[in-house]
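Here's a friendly first look at this structure, starting with its charged pairs and ending with its nonpolar core. Have a glance at the picture before reading on.

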Amino acid sequence: MSDTNQMQDEWTEMVEEMNAAVADSMEQNMKAQATFVESWADAVEDSIPKEEELSEGFQGYNRAYEEWVDAAEQMIARSTDAAQGEDVDPAEFRDIWLKSANEAFKHVMGTSAFAAANGQLVESMMEMQQDAQEMNQDAIAQMGFPTRGDMDEVAERLVELERRQHAVEEKLDRIIEQLE
């Protein structure tokens, strides 16, 4: 009788662990999906892509969603297998979600809409960098230090002085040759 109770307790414990693993995996997947959708929305928020890019972007997102649905179905199937007594490694659940996430990201990131959004993001970042450099130069000038423009002007003048000095030296050499 105690063997039956022990087996039942072990079975209950295993099912509880599997349920916890499935719940954790699903929670992590939902968080990953939410984070992904938020970052994707942020990337395209300020852009209005062309209709074909938008359509392709939605198709990529739909394919990504299908990947996640397939992963959920696989999780349910493997959970059922475990509940029916099959030895299922908990790492298998992680692998299902990792594979589906990789495939989903490929579907979305391979679209021209994603590329356009990334291009606009890089352009915006470059503009911000330029603005920051201009503010930096203004701050340096207000503190009385030479700016990059000032240094460039000094460098140009030095190069011009060196060119003129070289020309004067050549003329002097010619004059000295003629006098000798």
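A residue counts as exposed when its relative accessible area is over 50%, as buried when that area is under 20%, and as partly exposed in between. Keep in mind that this is a predicted model.

With those cut-offs, R157 is exposed, because its relative accessibility is 54%. Its partner in a salt bridge is E153, which is partly exposed at 40%. Both sit in helix α5 (residues 148-179), and being four residues apart puts about one helical turn between them.

E160 counts as partly exposed, with a relative accessibility of 29%.

Now for R78, which pairs up with E86.

| Salt bridge | N to O distance |
|---|---|
| R78 and E86 | 2.9 Å |
| R157 and E153 | 3.0 Å |

Through shared partners, salt bridges link R78, D81, E86 and E92 into one network. The whole structure has seven salt bridges.

What about the nonpolar side? In soluble globular proteins, nonpolar side chains tend to be buried together. The largest nonpolar core in this model has 15 residues, and W68, M75 and F93 touch the most other members. Helices α1 (2-44), α2 (51-83) and α3 (90-109) each contribute at least two residues to that core.

Note on methods. Residues are numbered from 1 along each chain as its sequence is written. This is a predicted model: local features need pLDDT of at least 70, side-chain atom pairs count only at pLDDT 80 or more; totals for chains, interfaces and linings use all residues. Side-chain values use heavy atoms; hydrogens and water are left out. A nonpolar core is a set of buried Ala, Val, Leu, Ile, Met, Phe, Trp, Tyr and Cys residues joined through side-chain atoms within 4.5 Å. Buried means under 20% relative accessible area, exposed over 50%, partly exposed in between (1.4 Å probe, protein chains only). A salt bridge is a side-chain nitrogen of Lys or Arg within 4 Å of a carboxyl oxygen of Asp or Glu.
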